[in-house]
Amino acid sequence: MHLTLGLLLNASGLTIMVLANSWATFMMAPSGVNEVGAVVGNIWEIMKGPLWNPINLHRFIANIGFGGAVVGAYAAFKFLSTTDPEKRAHYDWMGYTSNFIAILAFLPLPFAGYYLMAEIYSYSQQMGITAMGGILAWLFIVQAVLIGTILLAGNFYLWSGMSRTEGSERYKGLIKVIAFVLVVSFLIWVTPHTLILSASEISLLGGSHHHILGPLGIMPAKNIAVNLMLIATFLSFQLYRRSDKVATVRWAPLGNALLIGVYVAAVVNIIFLGVYYGYFTNTVYKVGSSVAQVSTTLVVIVAGLVIDTLMFRNAKRLPSHWGRIPDRAQYALFALPIAFTWLMALMGYVRSSVKTHWHVYTVMKDNSPDNFIPTIGYAGNMITLVTVLFLLCVLFMFWVANLSGSRQAKPDATAGGEA
């Protein structure tokens with residue numbers, strides 16, 4: 001009954017989300033109407049605009065990751081609030097499972113976002129430029145900070161969780177390499193292209209672009225960085241999944257060598273595509289190379305899953321000790337829903353603002369005096385306020401759920417009789 005009600009609740013929520021997406025995408029990219037808003041198609045043609053499915057896919061994946069992050073925070077809250085070893089073991093397992101769901105859903109999310117932005121550019125190049133190269137471009141630097149926070153927190157939790165198993169010692173050296181790749185890629189990703197400078201600073205710098213760091217501010221460098229971060233995060237998952245297993249198949253050395261070759265070839269290919277086509281060819285090849293980079297990352301993920309599944313079939317299991325994880329790892333689980341909520345509010349603002357002064361893009365203009373896009377500072381304050389309010393609601397739900405452990409004292413029959 002519990003599972004059935006949960007499935008029905010998710011089906012209802014998904015239906016509401018899809019309907020709301022049709023309204024939002026109609027305002028961004030109207031379909032089924034002419035240039036003055038007269039209906040020329042049926043209701044399905046109006047609903048199924050060019051951006052409906054990209055938004056549906058993007059939000060569907062994002063909500064899975066978001067839900068996993070919130071449940072992980074609850075598990076961390078319960079883990080830190082008890083000293084019972086059995087309960088700590090249970091909430092440790094719950095936190096790991098939730099983190100696994102959140103990060104596994106998060107890995108394909110940039111690809112869904114790329115698909116959405118490609119469709120936006122296809123529908124209206126001006127709308128795409130407004131989002132990625134105009135007034136809203138700086139918000140994508142904030143987006144990079146939040147996504148970097150999610151990936152760093154998720155990886156840190158996985159590394160801490162490897163202490164549960166007795167076979168994790170063999171991978172400690174690789175963790176340092178992964179951390180180095182993540183930090184360097186993160187710094188490249190948050191490097192802006194055009195700096196906000198005063199006249200004197202521009203004079204000292206010799207322009208608005210830094211002569212050394214300037215090339216890191218454009219998309220080819222950022223495409224390299226984000227794909228390397230995704231590959232590094234997937235490698236952390238692989239190491240965690242391997243930490244309590246020892247392969248028994250004869251071809252295990254060959255499988256490991258093949259997997260290393262896949263990773264090395266993928267990293268070389270991603271860097272080559274980004275550098276050569278991003279800096280030494282025409283813009284059309286620059287855009288096209290990003291598709292090949294995304295495909296390379298997907299090949300690594302699929303190849304890693306297939307090889308590991310076959311290699312560790314009937315593998316020898318090493319002891320795992322649930323509950324034996326540092327308390328500091330739980331704070332990484334708290335960081336995930338905060339970053340997820342902030343990120344969803346931020347990108348919701350971007351999605352709404354790309355319409356600029358239109359209620360329905362190119363069809364119904366907003367003629368009110370307040371038809372401007374709010375400033376980035378104002379938007380940042382509102383996004384932060386929404387995030388704080390939502391997290392307060394989540395903490396209230398945690399508190400309510402915690403009341404289930406309280407029991408009302410039974411009435412004293414003797415005292416009642418005397419009364």
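Predicted model: local features only at pLDDT ≥ 70, side-chain atom pairs only at ≥ 80, totals over all residues.
Local features are given only where pLDDT is at least 70 and side-chain atom pairs only at pLDDT 80 or more, whereas totals for chains, interfaces and linings use all residues. Residues are numbered from 1 along each chain as its sequence is written, and side-chain values use heavy atoms, with hydrogens and water left out.

**Figure 1. Overview of the protein chain, with 15 helices and four strands.** Helices (H or I, at least four residues) and strands (E, at least two) are DSSP runs, numbered from the N terminus. Along the principal axes, the C-alpha atoms fill a box of roughly 80 × 70 × 55 Å. Of the 419 residues, 42% are buried; buried means under 20% relative accessible area, exposed over 50%, and partly exposed in between (1.4 Å probe, protein chains only). Among contacts (heavy atoms within 4.5 Å) with a separation of 6 or more, 81% are between residues 24 or more positions apart.

**Figure 2. Threonine 165 in the loop between helix 7 (139–161) and helix 8 (172–189).** Threonine 165 has a relative accessible area of 6% and is therefore buried. Its side chain reaches the backbone oxygen of methionine 162 at 3.1 Å. Beyond neighbours within four places in sequence, threonine 165 contacts Ser243, Asp244, Pro319, Ser320 and Arg324.

**Figure 3. Serine 185 in helix 8.** Serine 185 counts as buried because its relative accessibility is 4%. Residues up to four places away in sequence aside, serine 185 touches Ala225, Leu228 and Met229.

**Figure 4. Helix 11 (residues 252–279) and its buried residues.** The 28 residues of helix 11 should span 40 Å at 1.5 Å a residue, and the end C-alpha atoms are 40 Å apart, so the two values agree. The expected span is 1.5 Å times one less than the number of residues. Buried positions in helix 11 include Leu259, Val262, Tyr263, Ala266, Ile270 and Leu273. An α-helix has 3.6 residues a turn, so residues three or four places apart point the same way.

**Figure 5. A nonpolar surface patch that includes methionine 382.** The patch, of about 660 Å², is made by Tyr378, Met382, Leu385, Val388, Leu389, Leu392 and Leu395. Patch residues have over 30% relative accessible area and no salt bridge, and nonpolar side chains (Val, Leu, Ile, Met, Phe, Trp, Tyr) are joined within 5 Å, like charges within 9 Å. A salt bridge is a side-chain nitrogen of Lys or Arg within 4 Å of a carboxyl oxygen of Asp or Glu. Areas come from the Shrake-Rupley method with a 1.4 Å probe; for residues, only the protein chains shown count as cover. Methionine 382 lies in helix 14 (residues 376–402) and is partly exposed, with a relative accessible area of 37%.

Technical notes. Polar contact = N/O pair within 3.5 Å; in protein donor to acceptor, adjacent residues only side chain to side chain.
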